[in-house]
Amino acid sequence: MYYIQPHYHGISRTTEDYQRMADAGVVAVAEPSFWAGFDRRYAGTFIDYFRQISEFEPTRAAQYGIRHFCWLAVNPKEAENLTLSREVLSVMPELLKGPTVLGIGEIGLNRNTANELETFRAQMELAIAHRQLVLIHTPHMGDKLKGTRMTLDLLRELKADPARVWIDHVEEHTIAAVLDAGYWAGMTLYPTTKMSPRRAVDMLERYGRERLLVNSSADWGPSSPFTLQECAHEYRRRGHTEQELLEVFHNNPARFMAQCAKCPLRPLELHVL
Amino acid sequence: MVMTRQQVFDASFLDCRCMILELAAALDRLDAAPGELTDPRHRQLQEALRIVLESPAGGGRAARILRLLSVE
């Protein structure tokens, strides 16, 4: 079984995680830009972070045969700081040319504030102008429903191409609206604040596999990269075939990411010899 | 291969039992603690438990509870 972990914050994890992911069949990861655990003060801090995830992290992953891609953005939490966000965005176009950079992400909303929305809008406009793929974070917990509505409203207003936009962290009360609007929907497997492996399989069975992505995120809080494999095991346990598993856990991420010409990953098909 | 209701029950029983016991123990802890509780989230959790016990056609308990817990 081959996996692509499409949303993984390697910078917050030890190298042992790469080794264990490789042992568990992960062939590629994609690392979005996120909060450092503290609010950054300087644009240079962002730029050095972008260099870390676009230059250093691929070398760490490569030691274990894992291809590493990344996304660049001002994350939703720090998007509240408009001055700093504008400064970072002014240098973003050049940085997006990096050979492992898939697009702009993760952008979106955290507490659904006006400043966050302004930075979100600016990054969406940048993505559209530079024909970048987009990865969107929807808020946690009680803010998710309103934040998802605000996200869909903005995307509709900007006439974003749904095929090139991935709205992540959907749950039972937001998934239908995202899929009905034609976007890719990501389910993030977290022990407490997001979706569980079993609930994710429920969603796969209810809505089908088209445009659905599964990821572990794996970052500063209690999280595990191996919830992906737990989800696959549950999917298999409920009677789904190995090809169906490949479609969800390898081919869907490959299809989305390969819309960026820098990503050579392609869907796989099993053949019996 | 579609699992029958009995098969789903067999596969879920131990986890449900565990989660119900954890919830029961948490509520016992709450009751045993001194002081008053006027937190609106408490009423939300009680409403969420009522939703869990209902049997709506087509399911949807998780979505209803998440909507209940959403901030508008």
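Visitor: Where does helix 9 of chain A bend?
Guide: This is a predicted model. In it, helix 9 of chain A bends at A:Asn251, by about 40°. A proline, A:Pro253, follows within four residues.

Visitor: How many residues does helix 9 of chain A have, and how far does it reach?
Guide: Helix 9 of chain A covers residues 242-257, which is 16 residues. From its first C-alpha to its last it reaches 22 Å, close to the 22 Å expected at 1.5 Å a residue.

Visitor: And why is helix 9 of chain A described as largely enclosed?
Guide: Because 12 of its 16 residues are buried, helix 9 of chain A is largely enclosed by the rest of the structure. Among the buried residues are A:Phe249, A:Asn251 and A:Pro253.

Visitor: Let us turn to the core. Which residues touch the most other members of the largest nonpolar core?
Guide: They are A:Met124, A:Ile136, A:Met187, A:Val214 and A:Phe249, in a core of 66 residues. Helix 2 of chain A, residues 43-62, gives the largest share of this core, 6 residues. Apart from it lies another core, of 17 residues, including A:Phe256 and A:Leu135.

Visitor: What is A:Met124 in contact with?
Guide: Leaving aside neighbours within four places in sequence, A:Met124 is in contact with several residues, including A:Ile107, A:Val134, A:Ile136 and A:Leu158. In soluble globular proteins, nonpolar side chains tend to be buried together.

Visitor: Now the sheet, please. In what order do the strands come, and is the pairing parallel or antiparallel?
Guide: The open sheet in chain A has 8 strands in the order 1-2-3-4-5-6-7-8, and the pairing is parallel. Strand 1 and strand 8 of chain A stand at the edges with a single partner strand each, so one side of each has no neighbour in the sheet. From one strand to the next, the twist averages 25°.

Visitor: How many bridges join strand 5 of chain A to strand 6 of chain A?
Guide: There are 4 bridges between these parallel strands. A:Val134 stands opposite A:Val165, which is in strand 6 of chain A.

Visitor: Which strands does helix 1 of chain A touch?
Guide: Helix 1 of chain A packs on the sheet and touches strand 2 and strand 3 of chain A. Its direction makes about 135° with that of strand 2 of chain A. Helix 7 of chain A lies across strand 7 and strand 8 of chain A, running at about 170° to strand 8 of chain A.

Definitions and conventions. Residues numbered from 1 in each chain as written. Chains lettered and ligands numbered in written order. Predicted model: local features only at pLDDT ≥ 70, side-chain atom pairs only at ≥ 80, totals over all residues. Heavy atoms only, no water. Core = buried A, V, L, I, M, F, W, Y, C linked by side-chain atoms within 4.5 Å. Buried < 20%, exposed > 50% of the residue type's maximum accessible area, 1.4 Å probe, protein only. Helix = DSSP H or I, 4+ residues; strand = E, 2+ residues; numbered from the N terminus. Contact = heavy atoms within 4.5 Å. Expected span 1.5 Å × (residues − 1). Bend = angle between axes of the 7 residues up to and from the residue. Pairing = 2+ DSSP bridges. Axes fitted to C-alpha atoms, helices over the stretch in contact; angles between N-to-C directions.
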